[in-house]
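Okay, everyone, let's get started.

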Amino acid sequence: MSKFSTVYLQYVKNYYRSRSFYLMLLLISIISIMMIYFSFKYINNFPKFLGSSSIPITIKEALFYFLWTLILLYVPVFSAVFFGSPAISSEIENKTAYFIFPLPINRYKLYIGKFLAAFTVSFIIMIIYLIVEVGTLSYLFHSLPTIYFYYSLLLLIIFILTMTSVTFMISAIFNKNTYAYITVLLIYYIVFYAGSFIIELLYKIDPIYLLSDAASIIERAYMNINTADFFSTPSISPAPFADIIFSALIMVIYFIASFAIGLILFERKEVS
Amino acid sequence: MKPLILKLIIILVAVALIVPTALMAYDYYQKVNTPINKNPFDYIPGNSNMVATINKNNSLFYVFDDNNSYGIVANISYNIVPSNSTTILAPSGGSFGNVSHNVTVKTLIYDKTEVYEVQNVNLSSILKSTVNTTLGSLSANNTTNVFVYLISNKYVVMGQENAINASIYAHMNNNNAMKLEPYLNLNINTSIYYNLSGLSVLSGISAKFLTVNVTQNQSLLNIYMNSKIMPYELELLKIAFANANYSSFGNLSLNLSHPQISSHNNVLSLKYNISSSQTEAVFKTLNIKT
């Protein structure tokens, strides 16, 4: 256990000191500032923007939470790419594996420790954004977040775990960081996003089994509007609870599968 | 631990976790995809004076009159917060009609139900544009406020304030018009239920309600009496209806003659050989003009 915690803490420290961390921090700070500006500017103008003279405060609040959460569908992907994609491949590319792999520690402990460290730093980045979000919207609406915020938060945690796991798995396949970076982005934005669009366009089937589709539940927890799905029926009501559980389970399946495959690939990994 | 054993353990644990998760996900997927089985009659007050189902452009509209306050239930193709563009809430197969003047939308909460008050529109023109029907008691030029609420993104209920209140109350308190559904034929052009509240049709013969079913070729009017029709009563009714050009049922008037008359238990059936395009005379009885 002490070895595992040493690995975990060491990698958290590594990530914390990396340029990727500060880049993500800068990115999330800029987005947070823009969202604060947006919220204060449009808090009273938004109904007109939508075309309605008055919207109940509860719907308005849900709408603002929904818009803030839109960011959380994309930033975790970049965060996972920054922290997860080079996780294994960089050890080979930078030849640090020569020193790490022979250490008297189980490979799976090394993998899990590094995985949890990457998840932790990704989550820290998101927590900063969430604190700003809750602070801003609580100030503007004079109320604490509703239950849907906590649903969305739990779903976000599952999504970060899943994305980190998928990036670790891909990182375990390649020996070069660039390939890992590109493959993750291609898989997520071409296979999942574009694939979802093409499947719906051609076959009129909602590919609910795709990770990007399941991840949309993070924002749909507030309002059942899938911003990446042009064919679904939007609704201002939150997504049904069954839909929330279903999407969470889809993400969990991706997480378990990719984690197991990544772990096996890492076990077999050899420094050539 | 041997690498092979470790791999096997990893695979077994992963499979052991994924299989029940997938089964659970499938269960929830079924729940998510179970169509919302809402019945429009659940949103129509049970004590309505009149309930009509009208088929137009492959869409079914349910019109009801609750104490001279009119409402309409229709399928909706989508659900977005209403805006100044009134077409946004237009039911599928219809529109809010010609509402070029200033229309504003206000959101209200009635009995925990979100209701949109569309101000300065003409309910008569909405009915005209959606079901090609005008209600005699509504002035064609009467600009008023129309109240609208949505049922699970599937139906829209719109109408006058009292009708909408009654509709929400009917649903909440289970005082709905489900019991009237068997009397209406949803597959034909027009089917109407009219409450007669024990009105006397002939001396000593009173009726509970009547239904009118209009098909392409004929119109069938069934009058449900309070008690079984005796043979001599049927003879009297036959004489009364066969010769009358103008029969009256309280507020209703029947401007037709020479129906084929029959009876079964407490139901008097009057069959008119007129097509759906000639039904204005029938609808006059119900204060509805097509």
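So, let's start with a pair of helices in chain A: α9(A) and α10(A) are oblique to each other. Keep in mind that what you're seeing is a predicted model. How do you describe a pair like this? In general, two packed helices are described by the angle between their axes and the distance between the axes. Here, α9(A) covers residues 147-173 and α10(A) covers residues 177-203, and they pack at an angle of about 130 degrees, with their axes 9 Å apart. Now, over 145 degrees would count as roughly antiparallel, and 65 to 115 as roughly perpendicular, with the rest being oblique. That's why about 130 degrees lands this pair in the oblique group. As for handedness, α9(A) makes a right-handed crossing as it passes α10(A).

Which residues of the two helices meet? From α9(A), you've got A:Phe159, A:Met163, A:Thr167, A:Ile170 and A:Ser171. On the α10(A) side, they meet A:Ala180, A:Thr183, A:Val184, A:Ile187 and A:Tyr188.

Staying in chain A, have a look at A:Leu63, which sits in helix α4, residues 57-70. Is A:Leu63 buried or exposed? Its relative accessible area is 12%, and the cut-off for buried is under 20%, so A:Leu63 counts as buried.

Okay, over to chain B. This chain has 16 strands and 5 helices. Of its 290 residues, 47% count as buried.

Let's zoom in on one strand, β11(B), residues 219-225. It's mostly covered, with 6 of its 7 residues buried. What does β11(B) pair with? One partner is β10(B), residues 205-214, which runs antiparallel to β11(B) and is joined to it by 7 bridges. Those two strands make a hairpin, with 4 residues between them. To see the pairing on screen, find B:Thr211, which stands opposite B:Asn222 of β11(B).

Then there's β15(B), residues 267-272, which also pairs with β11(B) in the antiparallel sense, over 6 bridges. There, look for B:Leu221, whose bridge partner in β15(B) is B:Leu270.

How values were computed
Residues are numbered from 1 along each chain as its sequence is written. Chains are lettered from A and ligands numbered from 1 in the order in which they are written. This is a predicted model: local features need pLDDT of at least 70, side-chain atom pairs count only at pLDDT 80 or more; totals for chains, interfaces and linings use all residues. Side-chain values use heavy atoms; hydrogens and water are left out. Buried means under 20% relative accessible area, exposed over 50%, partly exposed in between (1.4 Å probe, protein chains only). Two strands pair if DSSP finds at least two bridges between them. Axes are lines fitted to C-alpha atoms, for helices over the stretch in contact, and angles run from 0 to 180 degrees between N-to-C directions. Angles under 35 degrees count as roughly parallel, over 145 as roughly antiparallel, 65 to 115 as roughly perpendicular and the rest as oblique. A crossing is left-handed if the near helix is turned anticlockwise from the far one by less than a right angle, and right-handed if clockwise. Contact means heavy atoms within 4.5 Å.
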